[in-house]
Amino acid sequence: QVQLVESGGGLVQPGGSLRLSCAASGFMFSSYSMSWYRQAPGKERELVAAISNTGSSTNFADSVKGRFTISRDNAKNTVYLQMNSLKPEDTAVYYCNAKRYYPTTVYWGQGTQVTVSS
């Protein structure tokens, strides 16, 4: 059974930091690129950060460049999102995503809430 389980969300003050984790099981983690998406109330889900299956390549949304980093540990089947200098506009539900291209396969986690507020 495929599972992506996010953790690490919560309430943080502006300027603070959080580290999200996504633990994967039920599929060959090292064959999938991994991404973090987020969805704020009333907005579409957007890509925040992505990392290739080996971890050699990453990309970020312009809004989080320089503040967020993404990493993965293929031995632990886990992907991380380190979020620094958080802003109120980072408030959203953050989702973990796994994608393989050949054949195309996509998995989603259930999401974790991040709230940035004083």
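Here is a walk through this structure, from its core out to its loops and salt bridges. Keep in mind that the model is predicted.

Let's start in the middle. The largest nonpolar core has 29 residues. Met 34, Trp 36, Val 79, Leu 81, Met 83 and Tyr 94 are the ones with the most contacts inside this core.

Now follow the chain through a pair of hairpins. Strand 4 and strand 5 run antiparallel and are joined by five bridges. Within this pairing, Trp 36 sits opposite Ala 49 of strand 5. The two strands make a hairpin with six residues between them, and Gly 42 in the turn has a positive phi of about 80°. Move on, and strand 5 pairs with strand 6 (residues 58-60), again in the antiparallel sense, over three bridges. Here Ala 50 has Asn 59 in strand 6 as its bridge partner. Strand 5 and strand 6 also form a hairpin with six residues between them, and in that turn Gly 55 has a positive phi of about 85°.

Those two are glycines, but which other residues have a positive phi? One is Asn 77, with phi near 55°. Asn 77 is in the loop between strand 7 and strand 8, and with a relative accessibility of 25% it counts as partly exposed. Another is Ser 85, whose phi is near 50°. You'll find Ser 85 in the loop between strand 8 and strand 9; this residue is partly exposed too, at 40% relative accessible area. There is one more backbone detail to look for: the peptide bond from Tyr 102 to Pro 103 is cis, with omega near -5°. Pro 103 belongs to the loop between strand 9 and strand 10 (104-108).

Finally, look at the charged side chains. Side chains of opposite charge can pair when their charged atoms come close. This structure has four salt bridges. In one of them, Glu 46 meets Arg 38 at 2.7 Å, N to O. Lys 65 and Asp 62 make another salt bridge, at 3.1 Å from N to O, and Asp 62 is exposed, with a relative accessible area of 64%.

Then there is Arg 67, which forms a salt bridge with Asp 90, their closest N and O atoms being 2.8 Å apart. Arg 67 is in the loop between strand 6 and strand 7, while Asp 90 is in the loop between strand 8 and strand 9, so this pair ties together parts that are 23 residues apart in sequence. Arg 67 counts as buried at 10% relative accessibility, and Asp 90 is buried as well, at 0%. To put the pieces together, Arg 38, Glu 46, Arg 67 and Asp 90 are linked in a network of salt bridges.

Methods
Residues are numbered from 1 along each chain as its sequence is written. This is a predicted model: local features need pLDDT of at least 70, side-chain atom pairs count only at pLDDT 80 or more; totals for chains, interfaces and linings use all residues. Side-chain values use heavy atoms; hydrogens and water are left out. A nonpolar core is a set of buried Ala, Val, Leu, Ile, Met, Phe, Trp, Tyr and Cys residues joined through side-chain atoms within 4.5 Å. Buried means under 20% relative accessible area, exposed over 50%, partly exposed in between (1.4 Å probe, protein chains only). Helices (H or I, at least four residues) and strands (E, at least two) are DSSP runs, numbered from the N terminus. Two strands pair if DSSP finds at least two bridges between them. A salt bridge is a side-chain nitrogen of Lys or Arg within 4 Å of a carboxyl oxygen of Asp or Glu.
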